[in-house]
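Have the sequence and the 3D view open side by side.

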Amino acid sequence: MKRGETVLIEHNSLAFTPLALCNLLNWSKKNGWEVIVVDVLDTLKPYREHAELSGISASVLDEVEVIKLGGRVEVGNVIERISVVEESAMEKELARLFEDIYSKRNVINATVGIEKLFVLYSGSLKDVLSLVDFMVSFVGDKRRKSVFFLNVDMVEKAQPTVLPMLEEFATTVIRTEKNKSFTKFEVLKSINPELEGFEEEISVDDCIEFLKKLNEKAKARTNPCSTFLSSLPALFL
């Protein structure tokens, strides 16, 4: 993934998304990238608790810089809180904050819970389209790489037309689906032809064990999950 690209990670409500976020944060930390998480309406809270209850160290989530959009529970190093009551005011504050941050350093911008804003603004098509347009502005901004975690179950019920718009502007679209104890990763779209159609199915239990070992700084056992997870950020970021 080059600077200015935007990755959309689609997941359903049953997917264990803390695995992907923790792996992204661990990879970024080891490879010299700073990550700023935009936490929409306390989405990061269950991410953290689910990870810890599964035996995965939540230290990377406690240390990461966080911009909170609404919500009341602080997880991570919260550097700014922005109200979501008015879409235009929220967008203006985010733009100001981003401009200040990205003028000083290059970062990966990871957003969790963005689907909740589409639910919140579902009564106003103007606000929904404005939010999509704001997200489009991320594409091509070479000061950052952007990753959006999107619950497709929620967004399709709230605003069925939004998902096609998001998929259209994203440079990479990854669909994750949980089937019993396995999670399937599929690349639906990529500007890198070599990644088009990429698929992998991995055991959730193996993924959890891999991250436990990674957080303990122990050598993870060699298995398809550890090989795939350790290479995933490098492929898409």
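Arg-144 sits in strand S6; strands here are DSSP runs of E with at least two residues, helices are runs of H or I with at least four, and both are numbered from the N terminus. Arg-144 has a relative accessibility of 5%, so it counts as buried (under 20% relative accessible area; exposed is over 50%, partly exposed in between, with a 1.4 Å probe and protein chains only). Leaving out neighbours within four places in sequence, Arg-144 is in contact with Arg-3, Gly-4, Phe-98, Tyr-102, Val-107, Asn-109, Ser-137 and Phe-138, where contact means heavy atoms within 4.5 Å.

A word on ground rules. This is a predicted model, in which local features need pLDDT of at least 70 and side-chain atom pairs count only at pLDDT 80 or more, while totals for chains, interfaces and linings use all residues. Residues are numbered from 1 along each chain as its sequence is written, and side-chain values use heavy atoms, with hydrogens and water left out.

Zooming out, the protein has 10 helices and nine strands, and 51% of its 237 residues are buried. Of the contacts between residues at least 6 apart in sequence, 66% join residues at least 24 apart.

Now for the cores, meaning sets of buried Ala, Val, Leu, Ile, Met, Phe, Trp, Tyr and Cys residues joined through side-chain atoms within 4.5 Å.

| Core | Residues in it | Some members |
|---|---|---|
| Largest nonpolar core | 35 residues | Ile-67, Leu-69, Met-90, Leu-117, Phe-118, Leu-166 |
| Second, separate core | 30 residues | Cys-22, Leu-25, Ala-51, Val-66 |

Phe-118 shows the packing well: beyond four places in sequence, its contacts include Val-128, Leu-131, Val-155, Val-162 and Leu-166.

In general, an α-helix has 3.6 residues a turn, so residues three or four places apart point the same way.
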